[in-house]
Amino acid sequence: MKQVYILHHVHVFEEDNEDVKIIGIYASEALAMQAIKRTKKLEGFRDVPDGFEISKYVLDTDHWAEGYVTVS
């Protein structure tokens, strides 16, 4: 079972207003952690150092297995 680690950064401006950026996709959690060390020094990211999140994903697997409803 192959897996990857997706590093993204979330900057919450207000309760319903956030900016999400995918930083990169890495072969190991250690590589994703190294990317956090590099990226958190950059403009914008250094203002929200707690916004980094690492998610583990298994490859060749459906991660959304149900439908969805849009509420307007």
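Reader: Quick one. How many bridges join β1 to β2, and which way do the two run?
Author: 9 bridges join them, and the strands run antiparallel. β1 covers residues 3-14. Keep in mind that this is a predicted model.

Reader: Give me some pairs. What is the bridge partner of V12 in β2?
Author: E18. Also, H9 stands opposite K21 in β2.

Reader: And what holds strands of a sheet together in general?
Author: They pair through backbone hydrogen bonds, either parallel or antiparallel.

Reader: Zoom out. What is the strand order in the sheet here?
Author: The order is β2-β1-β3, with 3 strands in an open sheet. The pairing is antiparallel.

Reader: Which are the edge strands?
Author: β2 (17-26) and β3 (52-58). Each pairs on one side only.

Reader: How are neighbouring strands turned against each other?
Author: By 25° on average, direction ignored.

Reader: Switching to the helix. Where does α1 lie?
Author: Helix α1, residues 29-39, lies across β1, β2 and β3. Its angle to β3 is about 155°.

Reader: What is T39 in contact with, leaving aside neighbours within four places in sequence?
Author: I23, F45 and F52.

Notes. Residues numbered from 1 in each chain as written. Predicted model: local features only at pLDDT ≥ 70, side-chain atom pairs only at ≥ 80, totals over all residues. Heavy atoms only, no water. Pairing = 2+ DSSP bridges. Helix = DSSP H or I, 4+ residues; strand = E, 2+ residues; numbered from the N terminus. Axes fitted to C-alpha atoms, helices over the stretch in contact; angles between N-to-C directions. Contact = heavy atoms within 4.5 Å.
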